[in-house]
Amino acid sequence: MTVTVYVPNDSGALALGAGRIAAAIDKEAQKRGLDIKLVRNGSRGMFWLEPLVEVETSEGRIGYGPVQSKDISGLFDADFLNGGTHALEVGPIDEIPYFKNQQRLTFARIGLTDPISLDDYLAYDGYRGLKNALAMSGADIVRHVTDSGLRGRGGAAFPTGIKWNTVLNTPSEQKYIICNADEGDSGTFSDRMVMEGDPFVLIEGMTIAGLAVGATQGYIYLRVEYPHAHRALNTAIAKAYAAGYLGDNIQGSGKKFDLEVRLGAGAYICGEETSLMESLEGKRGLVRFKPPLPAISGLFGKPTIVNNVISLASVPIILDKGGEYYRDFGMGRSRGTLPIQLAGNIKYPGLVELAFGLTLRELLYEYGRGSASGRPIKAVQVGGPLGAYLPESQFDTPLDYEAFAAIWAVVGHGGIVVFDDTVDMAEMARYSMEFCAIESCGKCTPCRIGSTRGEEVIKDIIAGRDLHKNIPLLRDLCDTLLNGSLCALGGMTPYPVLSALNHFPEDFGITEQASAA
Amino acid sequence: MTETVSTQSTVKEITRALKHKPGALLPILHDIQHALGYIPADSIPVIASELQLSRAEVHGVISFYHYFRETPPGKQTIHLCRAESCQAMGSKKLEEHVKAKLSIDYHETTPDGKFSLEPVYCLGMCSCSPSMQIGNDVYGRVSNESFDSVIDEREALS
């Protein structure tokens, strides 16, 4: 009997040797004359177990990990193909609390299926949302998205339904759907996991968006640092065209939607939507003034939806199960689920999709199990390089857009980077200014000049020079960046800088009294 | 001379094949860099004339994006992540080691032309920091030792 063995093709797993493991298992099975079917699935998101090998048995899928090349022959000796006992065995995957306790809506298929198999996608509820959408008017599709309470998962948390409604009601012979896949925030990888682990869900979400607002062309603006996602998307798009899920006549409906992947070129700023559109138009990624809103005058001056990967990948389940189903998850005005990414110095790093509302402490200690180094956690940065650093005293904050705003922090794209007590927060603040200087598009003065001056001032502070002058100077500069920048790069760099200064003044060589000056 | 001619014809071929796409400049630059390893200065007038742009506009776009390069890279380019998650897992020490092992700084190429070193701000492998990428190959939880063995292995291949 053929045994199905799963070895992830997710680049996080590949980075830990999954490619070698898959080849070695195949070779060993042939050597032993055993009949296996090797499936390259997405990752389950439990990266401390990667490469995580799964075997389909009568008891469900049994996992072994982290598997190294030297373990392969021992696994065969232990009859792992029949779920045999081995030191690396982790039991049924579905029973691992880290996985079992999640509420996977957007990530429902990831890790279960072969990502580039359309048959798998259809067998696991794929394209049910599109089927419903094809029977609806554009306004009804938009209403479902509005009812779901979905807010932009890229970081700005703008209500998706309102954006779609604006595009729907702006007449134009040409409209566009853009997927912002320029996931450049450190500590985030959920977009990458979706594109590598379930590319069809993004394609379906974009197709539904096109049907909703009458757009016939979509672009996925993908960062060049993601070659594996690029390959998976292009493979899936070709299959979707071949099966009539993209093109001139979607599933015989007479409706048209074309989709193309475009690569970025290593500019962080192109994750900002107006800069991204400039880049797609073939220009330098300079940020545009708003208004006009992209929903009214976006790509090539036409009405354009720009949504993050996770926002668009959440649309199919909303159209499949209805806006209310999605809305029933979450708290306050943060509805649905958020794929949270635990990264940096954490024992159990990975992807945890949960309804909004869990506290940072629960995530860091119940899911993440504390730091990887075993030392106390000193700070976490939530929401990427423009997110605030939070000290232990704020770990009871629930993951909720408004609760974070209330403590001058952001949820952003849901990435959490953990630092132990060896981190120097003044150095992290300096790095934030350096990063802003490297990535600034240069259009507005506060960001272009302020970031360089900011790094200089922090260097002076680190050197202990004139703190009584330089601390107020840094605060003043941050105030200018915060209020005078054109976009979030300059406008939010003060978040990591000032939060580091406010919560960890001792790292800047000052007493709390001086920091308040 | 022959090399220049063939480079020019590659540039022309790529530009003509893609110039009808909306917003064609980035796809053209990507294909040129993919084919040649970099974007030679003498390709700028060709692209500019085909797309009816000024040379300054084309140069402006090339210089804006970190990924595009105007000089030939080494045979293999190492992209080492400098972002926060990797810093939290010791990437600064790794960075020192990498620079010492290769005897080059960022944006430089080893004298034997085998390796170039470029910083990158997040590879999206923050669940296995510190990380790096060489071509399409990705590496996680990179230590000084594992870096050395990767380089030794790749050096033997190049």
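User: Which elements do the buried residues of α12(A) pack against?
Analyst: This is a predicted model. The buried residues of α12(A) have partners in two chains, A and B. In chain A they pack against β6 (176–181), β7 (217–222), β8 (258–263) and β9 (304–308). From chain B the partner is α2 (25–36).

User: Why is helix α12 of chain A largely enclosed by the rest of the structure?
Analyst: The helix covers residues 273–280. Glu273(A), Thr274(A), Ser275(A) and Leu276(A) are buried, and so are Met277(A), Glu278(A), Ser279(A) and Leu280(A). The helix is largely enclosed because the buried residues number eight of the eight.

User: Which residue with a positive phi follows α12(A)?
Analyst: The phi in question is near 90 degrees. The residue that follows α12(A) with this value is Gly282(A).

User: In the four-stranded open sheet of chain A, what is the strand order?
Analyst: The pairing in this sheet is parallel. The edge strands are β8 and β9 of chain A, each pairing on one side only. Neighbouring strands are turned by 20 degrees against each other on average, direction ignored. The order is β8-β7-β6-β9.

User: How many bridges join β6(A) to β9(A)?
Analyst: The two strands run parallel. Ile178(A) stands opposite Val306(A) in β9(A). The number of bridges joining β6(A) to β9(A) is five.

User: Which are the edge strands of the five-stranded sheet in chain A?
Analyst: This open sheet has mixed pairing and the order β13-β12-β16-β14-β15. An edge strand here pairs on one side only. The edge strands are β13 (350–355) and β15 (389–391).

User: Is the pairing of β12 and β13 in chain A parallel or antiparallel?
Analyst: Strand β12 spans residues 337–344. Its residue Gln341(A) has Leu351(A) of β13(A) as bridge partner. Six bridges link the two strands, and their sense is antiparallel.

User: At about what angle does helix α22 of chain A run to β15(A)?
Analyst: Helix α22 takes in residues 494–503. It lies across β14 (377–382) and β15 of chain A. Its angle to β15(A) is about 20 degrees.

User: What radius of gyration does chain A have, against that of a compact globule?
Analyst: Along its principal axes, the C-alpha trace of chain A spans about 75 × 60 × 40 Å. With 517 residues, a compact globule would come near 24 Å. Chain A agrees with that, at 24 Å.

User: What share of the residues in chain A is buried?
Analyst: Chain A has 23 helices and 16 strands. A residue counts as buried if 20 or more other C-beta atoms lie within 10 Å of its own. Of the 517 residues in chain A, the buried share is 58%.

How values were computed:
Residues numbered from 1 in each chain as written. Chains lettered and ligands numbered in written order. Predicted model: local features only at pLDDT ≥ 70, side-chain atom pairs only at ≥ 80, totals over all residues. Buried ≥ 20, exposed ≤ 12 C-beta atoms within 10 Å, placed from the backbone. Contact = placed C-beta atoms within 7 Å. Pairing = 2+ DSSP bridges. Axes fitted to C-alpha atoms, helices over the stretch in contact; angles between N-to-C directions. Rg over C-alpha atoms; globule rule 2.2 N^0.38 Å.
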